[in-house]
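Dear colleague,

Please find below the structure I would like to hand over to you. My notes on it come after the coordinates.

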Amino acid sequence: MTAMKTTAIRWAVIVGTIAAAITPIAARATDPVLPPPYAGVYQPQGVDEIGLWHDDDDDEHALAASPLVIRDEKLTAYVKRVLCDTVGDDRCAPIRIYIIREPAFNASMSPNGTMRVLSGLFLRVRNDSEFGAVLGHEFGHFESRHTLAAFKGRRSGTDLLAWTALLASVAPSYGMARSYDDLRYSVYGSIFRHGRDQEREADRLGIAYLNHSHFRPQSASVMWHTVMAEAEASARAKGLKKPNFKTIAFTASHPPEAERAHYLAALAAPDDAGRADGADRYRAALAPWMPVFLDDQIKLNDFGGSDYLIENLAETGWTAPLWLARGDLYRTRGAQRDYANAATFYANAIDLDPTLAPAFRGLGLTLVKTGRTTEGQDALRRYLALSPTAPGAKLVRMMVPQGTNP
Amino acid sequence: MTPRLPHRVIVAALSIALVAMPALAHKLREKGVAVTVADSSLTVTPTRDWNRLGQSPGKHAETWTLDGEQLDDVTFYAGIAPGEPLVKERSKKRDPLPKFTATTQIVEIPELLEGTYRTYKSIGAFTLVSTDPVKFLGHDGVLFTYDYTDEDLLTRRGEARATIVDGKLYMITFDAPRLYYFDRFLGDARALSGSATL
């Protein structure tokens with residue numbers, strides 16, 4: 001009995017030491033500080049980092065040839081500009097940007113300086129400052145070499161488990177097996193917690209870049225509020241329980257959104273709240289792509305989330321593409337009550353841009369569905385006049401009476 | 001905002017493989033023998049041997065292939081009623097798919113397939129290449145082609161024929177990698193969908 005107790009205590013001590021060893025939590029300073037000035041071209045150090053970069057170089061080769069990458073020089077240059085404005089020209093110079101056509105909210109940066117931006121991100125931010133907040137956060141991971149630290153943490157944690165499993169199997173008492181289980185949970189928990197602490201550190205760095213840039217640092221917190229509101233709107237429309245933004249699951253890779261919104265607001269330099277947020281520049285840069293990204297989003301069939309995103313983007317003013325997207329969203333959900341709304345939204349789009357052919361198509365189809373066939377056919381005729389060679393024009397032509405085709 | 005954990009993918013792939021194992025009862029569909037598809041009255045007469053996959057994508061759907069569904073995939077959607085999605089939803093509540101409705105127009109069918117593919121496969125790169133009128137099953141229908149890039153980064157091309165009969169949707173799609181396979185088997189796929197009767 002006594003022997004078992006001593007063993008248990010010894011194990012508890014080991015568990016504690018190991019858990020502490022693989023989670024190097026930096027002491028929290030009150031103000032976010034920038035790392036030392038950029039020291040020029042960095043080359044990987046040691047076998048682990050050289051290996052990681054090697055793998056990453058291979059990934060980048062594949063990425064550069066990927067059919068999902070949006071090869072638009074202007075858009076890529078704009079993303080690079082926002083990154084440079086956020087983190088400084090010296091830091092951003094060696095970074096390569098790849099914009100990937102995927103309608104999800106994400107961006108990432110890998111060890112060799114490859115930045116991936118998913119197209120869905122463009123719908124979740126509304127100005128340069130919010131966009132810069134995301135890019136700065138990802139750059140923070142890169143500058144702190146988080147991938148390497150996480151890899152080393154996982155390796156030491158799992159090495160330890162392998163050895164203790166071996167030792168536990170030859171141990172003379174049953175208590176060992178239980179202690180091994182405890183240790184296992186502790187190590188895995190530490191690995192996940194380590195990941196969350198890295199996210200917090202990247203958040204702090206991100207806000208430090210923003211504080212030192214010409215962007216409005218309060219935007220970082222605003223962006224997280226947008227993300228939470230979108231998730232709530234999506235859940236509400238699906239009749240699901242409201243998501244909880246405060247709890248941390250055992251395996252959560254990121255800190256809860258509410259915590260992030262809160263500390264990002266607290267860390268933003270209060271004097272800089274009056275800075276311009278760059279909404280006009282953002283709109284101008286995204287104008288050619290916004291209809292495409294909106295279309296990608298609404299076709300995901302997430303009614304609540306999409307409607308929220310459209311309204312959120314429209315906070316700085318409704319545009320024809322936003323009304324068109326909303327019309328398409330309501331028309332494709334296809335409840336009878338949606339058609340009345342869809343017709344109004346298409347009409348709003350046409351008011352703002354009387355040459356927007358897809359709006360006439362949507363309006364025409366919607367009116368036909370609600371029994372207003374004559375008006376619907378008029379709208380479809382207008383669509384055919386504006387866009388006679390569009391895919392589907394021949395089919396639409398069959399919907400309008402013969403002899404009146406344009 | 002970090003890359004997804006690869007081991008999750010491996011676990012998911014393994015569990016799918018394990019679950020799918022008992023259902024691998026594929027059937028041979030022999031040349032010249034007329035058969036009904038997707039538990040409906042839709043009948044086709046293949047001009048060469050095809051494999052019918054044991055697992056169907058939905059209640060009113062059935063998939064045939066020559067070399068495996070990743071390389072060439074003919075899917076029959078037969079008698080989709082208003083209010084139903086094209087394929088079985090993974091979760092009715094969490095990941096709902098677009099539904100065929102009583103007011104869906106023939107010209108909107110390509111949109112329905114596009115929305116289903118995008119939602120089901122979480123893809124962002126889907127382009128409708130062409131849409132044309134066609135006679136299908138003796139009714140006015142739509143013939144459309146599309147390109148999309150799946151998670152495996154392989155660009156696939158598809159050609160579909162669809163129509164609405166008695167308020168129900170009938171559609172036959174052929175999807176294959178744009179490189180080599182699409183052109184290689186398009187003739188066989190067209191012969192198959194051309195033989196369809198109700």
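The notes below go through the chains, the nonpolar cores, the cavities and some individual residues.

Please bear in mind throughout that this is a predicted model.

**The two chains**

Chain A has 406 residues, and 52% of them count as buried. Its secondary structure consists of 18 helices and three strands. The C-alpha trace of chain A spans about 95 × 50 × 40 Å along its principal axes. The domain assignment divides out domain 1 (26-270) and domain 2 (314-397) in chain A. Taken over C-alpha atoms, the centres of these two domains of chain A are 41 Å apart.

Chain B has 198 residues, of which 51% are buried. It contains three helices and 10 strands, and their order along the sequence is α-β-β-β-β-β-β-α-β-β-β-β-α.

The contacts can be described for each chain in turn. In chain A, 65% of the contacts with a separation of 6 or more are between residues 24 or more positions apart. For chain B, the corresponding share is 46%.

**Nonpolar cores**

The largest nonpolar core holds 107 residues, and the members that touch the most others are Phe122(A) and Phe131(A). Domain 1 (26-270) and domain 2 (314-397) of chain A each supply at least three residues to this core. Another core, of 25 residues, lies apart from it and includes Val35(B), Val44(B), Trp64(B) and Ala78(B). As general background, nonpolar side chains in soluble globular proteins tend to be buried together.

Which residues is Phe122(A) in contact with, leaving aside its neighbours within four places in sequence? They are Leu75(A), Val79(A), Ile99(A), Val117(A), Phe131(A), Tyr282(A), Leu286(A), Met290(A) and Phe293(A).

Two of these contacts, Met290(A) and Phe293(A), are also among the buried residues of helix 12 (residues 290-298) of chain A. Within chain A, the buried residues of helix 12 pack against helix 3 (73-87), helix 5 (121-124), helix 11 (279-286), helix 13 (303-313) and helix 14 (320-333). They also pack against helix 2 (109-121) of chain B.

**Cavities**

The model contains three cavities of 30 Å³ or more.

Two or more lining residues come from each of helix 6 (128-143), helix 8 (175-212), helix 9 (219-238) and helix 10 (257-267) of chain A. Helix 8 of chain A gives the largest share, with four residues. By class, this lining is made up of nine nonpolar, two polar and two charged residues.

The second largest cavity has about 70 Å³ of space. It is lined by Val74(B), Glu159(B), Arg161(B), Ile172(B), Thr173(B), Phe174(B), Leu186(B), Ala189(B), Arg190(B) and Ser193(B). In chain B, strand 9 (155-165), strand 10 (168-177) and helix 3 (181-194) each give two or more residues to this lining. Helix 3 of chain B makes the largest contribution, four residues. The lining of the second largest cavity divides into five nonpolar, two polar and three charged residues.

**Individual residues in chain B**

Ala38(B) sits in the loop between strand 2 (35-36) and strand 3 (43-44) of chain B. Is Ala38(B) buried or exposed? Ala38(B) counts as buried because its relative accessibility is 3%, against a cut-off of under 20%. Not counting residues up to four places away in sequence, Ala38(B) touches Lys59(B), His60(B), Ala61(B), Glu62(B), Phe76(B) and Ala78(B). Between the C-alpha atoms of Ala38(B) and Tyr180(B), which are 142 residues apart along the chain, the separation is 28 Å.

Two further loop residues may interest you for their backbone angles. Leu153(B) is not a glycine, yet it has a positive phi of about 65°. Leu153(B) belongs to the loop between strand 8 (139-149) and strand 9 of chain B, and it is partly exposed, with a relative accessible area of 38%. Asp166(B), likewise not a glycine, has a positive phi of about 50°. Asp166(B) is in the loop between strand 9 and strand 10 of chain B. With a relative accessible area of 78%, Asp166(B) is exposed.

With kind regards

Note on methods:
Residues numbered from 1 in each chain as written. Chains lettered and ligands numbered in written order. Predicted model: local features only at pLDDT ≥ 70, side-chain atom pairs only at ≥ 80, totals over all residues. Heavy atoms only, no water. Core = buried A, V, L, I, M, F, W, Y, C linked by side-chain atoms within 4.5 Å. Buried < 20%, exposed > 50% of the residue type's maximum accessible area, 1.4 Å probe, protein only. Domains from an automatic or database assignment. Contact = heavy atoms within 4.5 Å. 1 Å grid on protein atoms, 1.4 Å probe; cavity = no way out; pocket = protein on both sides within 12 Å on 5 of 7 lines; lining within 4 Å. Points joined across faces, edges and corners; volume = space filled by probe spheres on them. Nonpolar A, V, L, I, M, F, W, Y, C, P; charged D, E, K, R; others polar.
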